[in-house]
Amino acid sequence: MHNSDSNVQDELLQKIMEVAQDRKAMRLVIYAIKDIEWIADKVMILSIQNSRHCQSLLDAIKTAVKTFMPFNEFDQDDVIVSGDPNSGWVIVKTHGLMIHCMTQTLRQYYELDTLYEARGIVYHT
């Protein structure tokens, strides 16, 4: 990623963090993994309360990305969502960012934080 692309990514990440905090996401942590993983530059993990909370957060993230990107550069494929809010775990991928929206129970069970803390750099807590 070029330096200017990195700046855009950081600005988008900041916008998504604001949206997540406004929507009452809990335990928001970001890991910089660019040098150790090919799948994303940064990973955000946050806890959700339930499926409605997850859906609300997903809608807000999609809107944030859409309004952040220049009109002629936004494509529906810019935000890829894997999973179903009813499952308690949804992954959003956008512009080098991977966002895990998980219930606290699933977050504790799968221990993604432990995995990323061991390999990545904590970028924001």
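Predicted model: local features only at pLDDT ≥ 70, side-chain atom pairs only at ≥ 80, totals over all residues.
**Entry 1**

I began with D10, which counts as partly exposed at 26% relative accessibility. Residues are numbered from 1 along each chain as its sequence is written, and side-chain values use heavy atoms, with hydrogens and water left out.

Which residue does D10 form a salt bridge with? I found K42, with the closest N and O atoms 3.0 Å apart. The pair links distant parts of the chain, since D10 sits in helix α1 (residues 3-22) and K42 in strand β2 (residues 42-48), 32 residues apart. K42 is buried, at 10% relative accessible area. For the record, a salt bridge here is a side-chain nitrogen of Lys or Arg within 4 Å of a carboxyl oxygen of Asp or Glu. Helices (H or I, at least four residues) and strands (E, at least two) are DSSP runs, numbered from the N terminus.

**Entry 1: the other salt bridge**

R107 is buried at 2%, and D113 is buried at 9%.

Next I followed β3 (residues 80-84) and β4 (residues 89-94), which pair in the antiparallel sense over five bridges; pairing takes at least two DSSP bridges between two strands. I80 has K93 as its bridge partner in β4. Four residues lie between the strands of this hairpin, and G88 in the turn has a positive phi of about 90°.

P85 is in the loop between β3 and β4 and counts as buried, at 12%. What does P85 touch, leaving out residues up to four places away in sequence? I listed S51, C54, Q55, L58 and V90, with contact meaning heavy atoms within 4.5 Å. The C-alpha atoms of P85 and C54 are 5.6 Å apart, across 31 residues of chain.

**Entry 2: the cores**

The largest nonpolar core has 26 residues, and I16, M44, L46, L57, I61 and I99 touch the most other members. Helix α2 gives the most to this core, with seven residues. Apart from it I found another core, of 10 residues, including I33, A40, V43 and M102. A core is a set of buried Ala, Val, Leu, Ile, Met, Phe, Trp, Tyr and Cys residues joined through side-chain atoms within 4.5 Å.

Note on methods. Buried < 20%, exposed > 50% of the residue type's maximum accessible area, 1.4 Å probe, protein only.
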